[in-house]
Amino acid sequence: MKRQWSLTEFFNKKPKSESVVSELALDGTKQSQAQSLQLEESSMSNIEMKNDNSKIKKIKQASLKKKMKEHFSSKTHNIGKKNLKQCEQDSITKETDKKNEKYLHTTCRVFNTVYCLAKSCKPFSDIKEEIEVQIKNGLDMGIGLHSRTTAVKVVDFIAKEIKKEMFSKIIENNLKICLIIDEVPMILCKPVVIVFLKVEDSVTSPTIFVELVELEKQDTDTIFSSVMESLNNIGLTKNYLEKNLIGFCSDGVSVMLGRKS
(Lines give C-alpha, C1' and ligand atoms only; values in the text may rest on other atoms or scores of the structure.)
Protein backbone atom coordinates (compact mmCIF):
# COMPACT_ATOMS: atom_id res chain seq x y z
CA MET A 1 0.00 0.00 0.00
CA LYS A 2 1.16 3.39 -0.80
CA ARG A 3 1.91 5.55 2.09
CA GLN A 4 -0.02 8.74 2.25
CA TRP A 5 1.81 12.02 2.90
CA SER A 6 0.59 14.47 5.38
CA LEU A 7 0.44 18.10 4.44
CA THR A 8 3.38 18.95 6.73
CA GLU A 9 5.55 16.18 5.32
CA PHE A 10 4.63 17.12 1.81
CA PHE A 11 5.63 20.71 2.21
CA ASN A 12 8.80 19.92 4.18
CA LYS A 13 10.10 17.38 1.68
CA LYS A 14 12.66 18.81 -0.76
CA PRO A 15 12.48 17.84 -4.33
CA LYS A 16 15.29 15.74 -5.82
CA SER A 17 16.34 18.47 -8.20
CA GLU A 18 16.93 20.87 -5.36
CA SER A 19 19.25 18.40 -3.61
CA VAL A 20 21.23 17.92 -6.80
CA VAL A 21 21.55 21.67 -7.26
CA SER A 22 22.74 22.11 -3.71
CA GLU A 23 25.31 19.37 -4.15
CA LEU A 24 26.57 20.98 -7.36
CA ALA A 25 26.79 24.35 -5.62
CA LEU A 26 28.89 22.81 -2.87
CA ASP A 27 31.18 21.18 -5.42
CA GLY A 28 31.56 24.51 -7.30
CA THR A 29 32.42 26.30 -4.08
CA LYS A 30 35.03 23.72 -3.23
CA GLN A 31 36.50 23.90 -6.71
CA SER A 32 36.61 27.72 -6.64
CA GLN A 33 38.30 27.62 -3.26
CA ALA A 34 40.81 25.10 -4.56
CA GLN A 35 41.47 27.25 -7.63
CA SER A 36 41.92 30.37 -5.51
CA LEU A 37 44.42 28.48 -3.33
CA GLN A 38 46.29 27.34 -6.44
CA LEU A 39 46.36 30.91 -7.78
CA GLU A 40 47.67 32.22 -4.47
CA GLU A 41 50.34 29.51 -4.38
CA SER A 42 51.37 30.23 -8.00
CA SER A 43 51.46 33.99 -7.37
CA MET A 44 53.59 33.45 -4.28
CA SER A 45 55.96 31.23 -6.23
CA ASN A 46 56.16 33.86 -9.02
CA ILE A 47 56.96 36.59 -6.50
CA GLU A 48 59.64 34.42 -4.94
CA MET A 49 61.11 33.68 -8.37
CA LYS A 50 61.08 37.40 -9.24
CA ASN A 51 62.82 38.25 -5.99
CA ASP A 52 65.41 35.56 -6.60
CA ASN A 53 65.97 36.81 -10.17
CA SER A 54 66.33 40.43 -9.02
CA LYS A 55 68.86 39.38 -6.38
CA ILE A 56 70.86 37.40 -8.95
CA LYS A 57 70.67 40.37 -11.37
CA LYS A 58 71.94 42.80 -8.72
CA ILE A 59 74.81 40.45 -7.85
CA LYS A 60 75.78 40.13 -11.52
CA GLN A 61 75.58 43.91 -12.06
CA ALA A 62 77.72 44.58 -8.99
CA SER A 63 80.29 42.04 -10.19
CA LEU A 64 80.29 43.57 -13.69
CA LYS A 65 80.71 47.11 -12.32
CA LYS A 66 83.66 45.97 -10.21
CA LYS A 67 85.33 44.31 -13.20
CA MET A 68 84.75 47.40 -15.38
CA LYS A 69 86.20 49.70 -12.72
CA GLU A 70 89.27 47.51 -12.35
CA HIS A 71 89.70 47.40 -16.12
CA PHE A 72 89.33 51.16 -16.66
CA SER A 73 91.84 51.90 -13.89
CA SER A 74 94.34 49.30 -15.10
CA LYS A 75 97.66 50.23 -16.66
CA THR A 76 96.94 48.20 -19.79
CA HIS A 77 93.72 50.10 -20.51
CA ASN A 78 95.45 53.48 -20.07
CA ILE A 79 98.26 52.46 -22.43
CA GLY A 80 95.75 51.26 -25.02
CA LYS A 81 93.77 54.48 -24.67
CA LYS A 82 96.89 56.60 -25.22
CA ASN A 83 97.89 54.51 -28.25
CA LEU A 84 94.42 54.81 -29.75
CA LYS A 85 94.43 58.59 -29.28
CA GLN A 86 97.89 58.84 -30.83
CA CYS A 87 96.79 56.73 -33.81
CA GLU A 88 93.79 59.00 -34.36
CA GLN A 89 95.98 62.09 -34.27
CA ASP A 90 98.51 60.49 -36.63
CA SER A 91 95.80 59.47 -39.08
CA ILE A 92 94.34 63.00 -39.09
CA THR A 93 97.81 64.47 -39.62
CA LYS A 94 98.56 62.07 -42.47
CA GLU A 95 95.28 62.81 -44.21
CA THR A 96 95.87 66.54 -43.85
CA ASP A 97 99.41 66.20 -45.21
CA LYS A 98 98.16 64.23 -48.20
CA LYS A 99 95.59 66.89 -49.01
CA ASN A 100 98.06 69.75 -48.56
CA GLU A 101 101.02 68.06 -50.28
CA LYS A 102 100.17 69.58 -53.64
CA TYR A 103 99.82 73.07 -52.16
CA LEU A 104 103.06 72.69 -50.19
CA HIS A 105 105.00 71.95 -53.38
CA THR A 106 103.60 75.00 -55.18
CA THR A 107 104.29 77.21 -52.14
CA CYS A 108 107.90 75.99 -51.99
CA ARG A 109 108.38 76.88 -55.67
CA VAL A 110 107.06 80.41 -55.07
CA PHE A 111 109.33 80.79 -52.01
CA ASN A 112 112.37 79.69 -54.02
CA THR A 113 111.51 82.17 -56.78
CA VAL A 114 111.15 85.05 -54.31
CA TYR A 115 114.41 84.09 -52.56
CA CYS A 116 116.22 84.11 -55.92
CA LEU A 117 114.90 87.63 -56.64
CA ALA A 118 116.01 88.91 -53.23
CA LYS A 119 119.44 87.32 -53.48
CA SER A 120 119.95 88.81 -56.95
CA CYS A 121 118.81 92.26 -55.69
CA LYS A 122 116.05 92.38 -58.29
CA PRO A 123 112.82 94.35 -57.74
CA PHE A 124 109.91 92.37 -56.36
CA SER A 125 107.71 93.67 -59.18
CA ASP A 126 109.44 91.07 -61.39
CA ILE A 127 107.76 88.23 -59.47
CA LYS A 128 104.89 87.90 -61.96
CA GLU A 129 107.22 87.57 -64.96
CA GLU A 130 109.38 84.98 -63.17
CA ILE A 131 106.34 82.90 -62.28
CA GLU A 132 104.95 83.12 -65.83
CA VAL A 133 108.24 81.76 -67.17
CA GLN A 134 108.13 78.81 -64.79
CA ILE A 135 104.49 78.08 -65.71
CA LYS A 136 105.53 77.99 -69.39
CA ASN A 137 108.25 75.52 -68.42
CA GLY A 138 105.52 73.19 -67.12
CA LEU A 139 105.69 73.83 -63.39
CA ASP A 140 102.58 74.15 -61.21
CA MET A 141 102.95 77.49 -59.40
CA GLY A 142 99.46 77.60 -57.90
CA ILE A 143 97.06 80.51 -58.17
CA GLY A 144 98.15 82.69 -55.24
CA LEU A 145 101.28 84.33 -53.78
CA HIS A 146 102.08 85.99 -57.11
CA SER A 147 101.89 89.65 -56.10
CA ARG A 148 104.64 92.08 -55.13
CA THR A 149 103.15 92.58 -51.64
CA THR A 150 103.21 88.84 -51.02
CA ALA A 151 106.83 88.69 -52.19
CA VAL A 152 107.80 91.30 -49.59
CA LYS A 153 106.15 89.27 -46.82
CA VAL A 154 107.81 86.06 -48.04
CA VAL A 155 111.25 87.68 -48.00
CA ASP A 156 110.63 89.02 -44.50
CA PHE A 157 109.68 85.53 -43.31
CA ILE A 158 112.72 83.92 -44.96
CA ALA A 159 115.04 86.57 -43.48
CA LYS A 160 113.71 85.99 -39.97
CA GLU A 161 114.16 82.22 -40.25
CA ILE A 162 117.72 82.58 -41.62
CA LYS A 163 118.62 85.06 -38.88
CA LYS A 164 117.15 82.80 -36.20
CA GLU A 165 119.14 79.79 -37.43
CA MET A 166 122.33 81.83 -37.78
CA PHE A 167 122.29 83.27 -34.27
CA SER A 168 121.29 79.90 -32.81
CA LYS A 169 124.48 78.41 -34.25
CA ILE A 170 126.55 81.32 -32.87
CA ILE A 171 125.15 80.78 -29.37
CA GLU A 172 125.48 76.99 -29.65
CA ASN A 173 129.16 77.22 -30.63
CA ASN A 174 129.79 79.92 -27.99
CA LEU A 175 131.55 82.22 -30.48
CA LYS A 176 133.10 85.58 -29.62
CA ILE A 177 131.41 88.64 -31.07
CA CYS A 178 132.06 92.33 -31.65
CA LEU A 179 129.25 94.91 -31.60
CA ILE A 180 129.15 97.64 -34.28
CA ILE A 181 126.57 100.44 -34.13
CA ASP A 182 126.17 103.73 -35.94
CA GLU A 183 123.54 106.39 -36.54
CA VAL A 184 121.82 106.55 -39.91
CA PRO A 185 119.65 109.26 -41.51
CA MET A 186 116.32 109.76 -39.80
CA ILE A 187 113.22 107.82 -40.90
CA LEU A 188 109.90 109.56 -40.32
CA CYS A 189 111.59 112.18 -38.14
CA LYS A 190 112.88 109.50 -35.71
CA PRO A 191 116.55 108.84 -35.06
CA VAL A 192 117.72 105.34 -36.05
CA VAL A 193 120.71 103.23 -35.05
CA ILE A 194 121.97 100.41 -37.25
CA VAL A 195 123.32 97.35 -35.42
CA PHE A 196 125.92 94.87 -36.78
CA LEU A 197 127.71 91.90 -35.23
CA LYS A 198 131.16 90.73 -36.29
CA VAL A 199 131.61 87.07 -35.40
CA GLU A 200 135.12 85.78 -34.62
CA ASP A 201 134.94 82.41 -36.32
CA SER A 202 137.94 80.15 -36.89
CA VAL A 203 137.31 80.01 -40.64
CA THR A 204 135.68 83.33 -41.50
CA SER A 205 134.73 86.45 -39.59
CA PRO A 206 131.43 87.55 -41.12
CA THR A 207 129.77 90.85 -40.34
CA ILE A 208 126.05 90.24 -39.80
CA PHE A 209 123.33 92.84 -40.03
CA VAL A 210 121.06 92.64 -36.97
CA GLU A 211 118.45 95.36 -37.08
CA LEU A 212 117.54 99.00 -37.59
CA VAL A 213 116.59 100.31 -34.14
CA GLU A 214 114.32 103.34 -33.84
CA LEU A 215 115.10 105.68 -30.95
CA GLU A 216 112.67 107.83 -29.01
CA LYS A 217 115.58 110.01 -27.82
CA GLN A 218 119.23 110.36 -28.74
CA ASP A 219 120.60 110.07 -25.23
CA THR A 220 122.87 107.37 -23.81
CA ASP A 221 120.24 105.52 -21.77
CA THR A 222 117.82 105.25 -24.70
CA ILE A 223 120.50 104.01 -27.09
CA PHE A 224 121.80 101.44 -24.56
CA SER A 225 118.34 100.05 -23.67
CA SER A 226 117.23 99.89 -27.33
CA VAL A 227 120.40 98.08 -28.48
CA MET A 228 120.24 95.62 -25.55
CA GLU A 229 116.61 94.87 -26.33
CA SER A 230 117.52 94.17 -29.96
CA LEU A 231 120.30 91.78 -28.90
CA ASN A 232 118.04 90.01 -26.42
CA ASN A 233 115.44 89.45 -29.15
CA ILE A 234 117.95 87.38 -31.15
CA GLY A 235 118.96 85.32 -28.11
CA LEU A 236 122.08 87.19 -26.95
CA THR A 237 121.41 87.53 -23.24
CA LYS A 238 123.33 89.60 -20.73
CA ASN A 239 125.24 86.57 -19.45
CA TYR A 240 126.31 85.59 -22.97
CA LEU A 241 127.46 89.13 -23.76
CA GLU A 242 129.50 89.33 -20.54
CA LYS A 243 131.39 86.19 -21.54
CA ASN A 244 131.68 86.59 -25.33
CA LEU A 245 131.47 90.31 -26.22
CA ILE A 246 135.11 91.20 -26.88
CA GLY A 247 134.79 94.47 -28.82
CA PHE A 248 132.66 97.52 -29.49
CA CYS A 249 132.89 99.86 -32.49
CA SER A 250 131.14 103.17 -33.22
CA ASP A 251 131.94 106.74 -34.17
CA GLY A 252 133.35 109.12 -31.59
CA VAL A 253 130.07 110.62 -30.42
CA SER A 254 129.91 110.91 -26.63
CA VAL A 255 126.45 109.31 -26.41
CA MET A 256 127.91 106.19 -28.04
CA LEU A 257 131.14 105.83 -26.06
CA GLY A 258 130.31 107.64 -22.83
CA ARG A 259 132.60 109.66 -20.60
CA LYS A 260 134.80 106.65 -19.79
CA SER A 261 135.88 106.04 -23.38
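Colleague: K169 forms a salt bridge with E165, you say. What makes it one?

Modeller: The closest N and O atoms of K169 and E165 are 3.7 Å apart. A salt bridge needs a side-chain nitrogen of Lys or Arg within 4 Å of a carboxyl oxygen of Asp or Glu, so the pair at 3.7 Å qualifies. Bear in mind that this is a predicted model, where local features need pLDDT of at least 70, side-chain atom pairs count only at pLDDT 80 or more, and totals for chains, interfaces and linings use all residues. Residues are numbered from 1 along each chain as its sequence is written, and side-chain values use heavy atoms, with hydrogens and water left out.

Colleague: How many salt bridges does the rule give?

Modeller: Two. K160 also bridges to D156, with the closest N and O atoms 3.5 Å apart. K160 and D156 sit four residues apart in helix 5 (residues 148–173), about one turn of the helix. K169 and E165 are likewise four residues apart in helix 5, so about one helical turn separates them. Helices here are DSSP runs (H or I, at least four residues), strands are runs of E (at least two), and both are numbered from the N terminus.

Colleague: Buried, partly exposed or exposed: what is K160 called, and why?

Modeller: Exposed, because its relative accessibility is 53%. The classes are buried under 20% relative accessible area, exposed over 50%, and partly exposed in between (1.4 Å probe, protein chains only). D156 at 40% is therefore partly exposed, and so are K169 at 47% and E165 at 49%.

Colleague: And the aromatic pairs, how many are there?

Modeller: The structure holds two. F111 and F157 form an edge-to-face pair, 6.1 Å centre to centre with 80 degrees between the planes. F111 in helix 3 (residues 75–119) and F157 in helix 5 are 46 residues apart, so the pair links distant parts of the chain. F111 is partly exposed at 24%, as is F157 at 45%.

F196 and F209 are the other edge-to-face pair, at 5.8 Å and 65 degrees. F196 lies in strand 2 (residues 190–200) and F209 in strand 3 (residues 207–214), 13 residues apart.

Colleague: Why are F196 and F209 called edge-to-face?

Modeller: Rings of Phe, Tyr and Trp (its six-membered ring) pair if their centres lie within 6.5 Å, with planes under 30 degrees apart counted as stacked, over 60 as edge-to-face and the rest as tilted. The F196 and F209 centres at 5.8 Å pass, and 65 degrees is over 60, so edge-to-face it is.
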